[in-house]
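Trainee: I would like a close look at one part of this protein. Please take me through the aromatic pairs.

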Amino acid sequence: MPESIKQHLDLNSGNDRGRIYRIAPEGFKQPKLPHLSAATTKELVALLEHPNGWHRDTAARLLYERQDKSAVPLLEKLPNGSKSPVARMHALYALDGSGALTETHLLNALDDRDALVREHAVRLAEQFSRQSGQRQSAAFQPLERVASSGAASSLRKLRGKLCALANDPSPRVRYQLAFTLGDSKDPDEIKALARIVRRDASDRWMRTAVLNSLKDGAGEIFEQLAADSHCLDSAGGQEFLRQLAGVIGAKNDSGEVNTVLDYLQRNVDSGVAFLLTRALGDGLRNAGTSLARADSEGKLKPTFVRAKAMAGDAKVSEQIRVQAIQLLAMSSFDNTGEVLSSLLSSGQTEPVQLAAVAALARFNDSGVNEALLKHWPQLAARVRSEVVTAMLTRSERIAALFKAVEERSVLASDLTAQQLQMLRAHRDPQIRERAARLFGAPPAVKRDDVVKAFLPALQLRGHPANGKKIYLERCATCHRIGSQGNAAGPDLVTVKTAGKETLLVSILDPNREVAPRYLNYTVETKSGESFSGLIASESPSGVTLGGPNGTETVVPRSQIVRLQPSGQSLMPEGLEIGLTTQDLADLIEYLGLAD
């Protein structure tokens, strides 16, 4: 284990929990171990039907190692003669390992009565070239064959059968098919992928499988599904089109981008226009370009005009207003700053205000500071927290925040413990020094002493009602229990199984043992922004940081200058400040009872 990981783990944790024992029935005798290496090829083929998985897997391995061609006719009988679907599946892989698998074998297997066999037949079909009749076996280098008229006919039948399986009753077969049809330019196979989306758009795994297969054909499938009213009216269909528009933007293929732009120009009033425009813009941003560059002809101008009007219209549904606000972030501050700032005034719903904060935060303009702080006294606590988070992303914004604190228009108590921790540990020494002057240094208390001081809480009777209140005030921003809270940190339902003492230590000394996935990272960009949070996900194109209240920030890799772990948990020290021993007992009691 790397030292960089070990330093955050307590490797002795659990060493007082006893030993692992093997449990066996009374009178158990270890059976004689089989020696399959001495079995004949015929016996090994027969063992593919054995009810025990170890026997099947070992027989399959030995068949592959021996490469005995006399096994081929025996294996060819299994798909038709065996009652075991697992044996029929193993036979296909054994034929493949022997270099004897053909299109005919797969055509028969694709009609198998069991979905397991059909699923794996679809997977094995990937090895056959669409053009030449060559196959790439999992066991061998390319095997050259003569592309006879018979072979070409079998390939056409195989492709046709695969496309037909888009309507297979088994979701596992359709899921595998979505991957197998990847990278295809064939119109029939693109249509098959579209049929899978129409049927399974509500399944996020199926959407991911189809998107993974659209190296080519993304524009074609977008045209087909965007013209399908059923797809447009379903939540799953809209989500797939949103993700697809993002993929098209990230690929930045001019033909596919124009396909989406033309659709949006023709459908300005569509209910998904804002959603798709923003997704395309996010994708283009990940590709290092922008909507403005891609839309040189101004096809999206009517969409932005409509978004600006609807963002401030209280008669429009909240969902559409939020989508309009999110789209305005891709405009300019000069065009939309005044409208977005006005949405932070009293009378606006919290989702609208949060969307306006996020939109303003994306602009690199000196006017953003005033726009964010102008309506501070009227903002609720959650919105204030997001405003401060936005102010912390740039040095000049931090300076404006410090000035507001000095003028007492913003109080030090308005900043969360996480935000204060970030300022005190900022890379810029001037910001660290000014933060220390304004907010003071954190209490110089050893965490071990804090833990000892609160140990009596374990002996007190806790009151869950008060514990829930404390959880919602101090923990719910980052921890989830059931449907409450946010899952930035560990789910507290799973953490509670470690016992009350471990839970107490985790609350009071969050940096004593930090799993790598919960380390706090700082990301600095070429444009001068600074973000912090947990790495929620990574891709070749970007890094997604997760933060309190379920917020996520996607930073394109092309914009990252520095990505560095802080060596500490996102959960700050000092959350016990203001709590009594009884309060902590109440919190631990609630966490122990909550489902």
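Mentor: What follows is a walk through two aromatic pairs. Keep in mind that this is a predicted model.

The count comes to five aromatic pairs. One of them joins Tyr175 and Phe179. Now place the two residues. Both belong to helix 9, which covers residues 171-180. They are four residues apart, so about one helical turn separates them. An α-helix has 3.6 residues a turn, so residues three or four places apart point the same way. Next, check the accessibility. Tyr175 has a relative accessibility of 31%, so Tyr175 counts as partly exposed. Phe179 stands at 30% and is partly exposed too. The reason is the cut-off: buried means under 20%, and exposed means over 50%.

Turn to Phe222 and Tyr263. Their ring centres are 5.6 Å apart, with the planes at 85°, so this pair is edge-to-face. Here the partners come from two helices. Phe222 sits in helix 12 (residues 218-226), while Tyr263 sits in helix 15 (residues 254-266). The pair therefore ties together parts that are 41 residues apart in sequence. Phe222 and Tyr263 are both buried.

To recap: Tyr175 and Phe179 pair within helix 9, whereas Phe222 and Tyr263 link helix 12 with helix 15.

Notes
Residues are numbered from 1 along each chain as its sequence is written. This is a predicted model: local features need pLDDT of at least 70, side-chain atom pairs count only at pLDDT 80 or more; totals for chains, interfaces and linings use all residues. Side-chain values use heavy atoms; hydrogens and water are left out. Rings of Phe, Tyr and Trp (its six-membered ring) pair if their centres lie within 6.5 Å; planes under 30 degrees apart count as stacked, over 60 as edge-to-face and the rest as tilted. Buried means under 20% relative accessible area, exposed over 50%, partly exposed in between (1.4 Å probe, protein chains only).
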